[in-house]
Amino acid sequence: MDFAHVELSDEDSAFQTELREFLASIVTDEVIARDRATGENFDEGVHLALAERGYLERDYRPAEDGGFTAVRRRIWELEIGRAHTPWFHWGTTAMVAKSVEQFGSRELVAEVMPGVLAGRLRLCLGYTEPDGGSDVATCKTRAVRDGDGWIINGSKMFTSNAHNAQYVFLITNTDPAAPKHKSLTMFLVPLTSPGVEIQAIRTVDGDRTNITYYSDVRIPDHYRVGDVNGGWSVLREALNAEHGTVERDAEGLQKIATMTEHLLLLADGLDRVAGIVGRPDSTGRRPVDDESVAYRLGRAAARTEAARSTPEKFGRVAIAQALRELTPDLMDILGTAAVLPVGTDGAADAADDGGIEYLFRLASPMGIYGGTLEVFRNMIAQHELGLGRPNYSPIRAS
Ligand SMILES: Cc1cc2nc3c(=O)[nH]c(=O)nc-3n(C[C@H](O)[C@H](O)[C@H](O)COP(=O)(O)OP(=O)(O)OC[C@H]3O[C@@H](n4cnc5c(N)ncnc54)[C@H](O)[C@@H]3O)c2cc1C
């Protein structure tokens, strides 16, 4: 691992300043307050402004095709996180757009790509079903041929951002009699199609997601992405990207694991707690003078740093686990007022205005979406440590 400091050129420094100022002008207090209230992780004004400046397109494209250089991509990722930009929708949109470009018809690419890069069109994921999401290949949503098109029936759970998206990347079953990995076909379904219904769900951390229903939804064949019953090969690439299984670049500047932005929030929260416990009370005593507080704070900083340096699937687990274990400990250090959510009376004076409390609530769902921690641990055991496939057969009594 290379911990070398990157010396920015004058041009890259200027880029960082310009980006930081631009983000400060569009990610206003009002945008952040609205995002907290709605839990949407999305703001259309911000999204369109980033697109208009060409940032979305430069993020989407590789460097050799007009995209960010490795250094600017790193600056971009760090600054967008530091500004608390509500923009998680872009990651999903870009991921689906790559599958559409790779596997979609020319007609579909022409319909979708200009709008995606202009920020007007957003794409969401329709993988998980009410009966289960970890094994995405066990899909009950049916697509049936209807002349030149298809009729879709079924439902999807946790279709995040569907209400701000124009298309859903939908896994369907087109051959229930076939083995499950040979039964799938992917579609990019326009969410304005008659028969699509979107219902809101709020999660424990206040995020808004959705359940979506598809009742006799009719779409032309050009919305199919990849071969009929060949959906697994389309999906595998998209799942690899979501799991952070990507080729490392030669410069060592790449984001090393998915969800590192959550760790930036934890690092910010930890700094605030350190500031609070360093303040003397009316007797002149500082909480951090208590050795157990100092020890626990130090341990939290070390765990955060270790999670930040852990790559790929290991990093995804380390980040979520760090959030799950450190946030209750940090709340305990702050005392009972730490359970007050952001903006509640007294939360800012008596504790950290709900900063760690929010991360405590975020820690549970973030160990679920994009694949649960248990599933990631199995992938690590099987693929990285070579321990073989897990055995789910019932334990036999001897
Ligand atoms: C906030 C949020 C947003 C989400 N956004 C989206 C989205 O936009 N689009 C989308 O399609 N999905 C989305 N999801 C769904 C997410 O991907 C699934 O919740 C996840 O894959 C787990 O599926 P499940 O909830 O159906 O749990 P299940 O698969 O039913 O699992 C239940 C439990 O069994 C465990 N388990 C299951 N299989 C195994 C195994 N093989 N080995 C060990 N343990 C196992 C799991 O870890 C879990 O504890 C979102 C979820 C959340 C919470």
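**Domain contact and ligand surroundings in a predicted model**

The C-alpha centres of domain 2 and domain 3 lie 35 Å apart. These values were computed from a predicted model. In the domain assignment of the chain, domain 1 spans residues 10–86, domain 2 spans residues 123–230 and domain 3 spans residues 260–384. The contact between domain 2 and domain 3 is made by 4 residues from domain 2 and 6 residues from domain 3.

The size of an interface is often expressed as the accessible area that is lost when the parts come together. Between domain 2 and domain 3, the buried area is about 450 Å², and carbon and sulfur atoms contribute 59% of it. On the side of domain 2, Ser 134, Val 204 and Asp 205 account for 85% of the area buried against domain 3, more than any other three residues. The residues of domain 2 that touch domain 3 comprise 1 nonpolar, 2 polar and 1 charged.

A backbone N or O atom of Gly 133 is placed 2.6 Å from an oxygen atom of the ligand. In the side chain of Glu 374, an N or O atom lies 2.7 Å from a ligand oxygen atom. For Ser 160, a side-chain N or O atom is 2.8 Å from a nitrogen atom of the ligand. Taken alone, the ligand exposes 980 Å², and 69% of that is buried by the protein.

Technical notes:
Residues numbered from 1 in each chain as written. Predicted model: local features only at pLDDT ≥ 70, side-chain atom pairs only at ≥ 80, totals over all residues. Heavy atoms only, no water. Domains from an automatic or database assignment. Contact = heavy atoms within 4.5 Å. Buried area = accessible area lost by both parts, 1.4 Å probe. Nonpolar A, V, L, I, M, F, W, Y, C, P; charged D, E, K, R; others polar. Polar contact = N/O pair within 3.5 Å; in protein donor to acceptor, adjacent residues only side chain to side chain. Areas by Shrake-Rupley, 256 points an atom, 1.4 Å probe, with all protein chains shown as cover.
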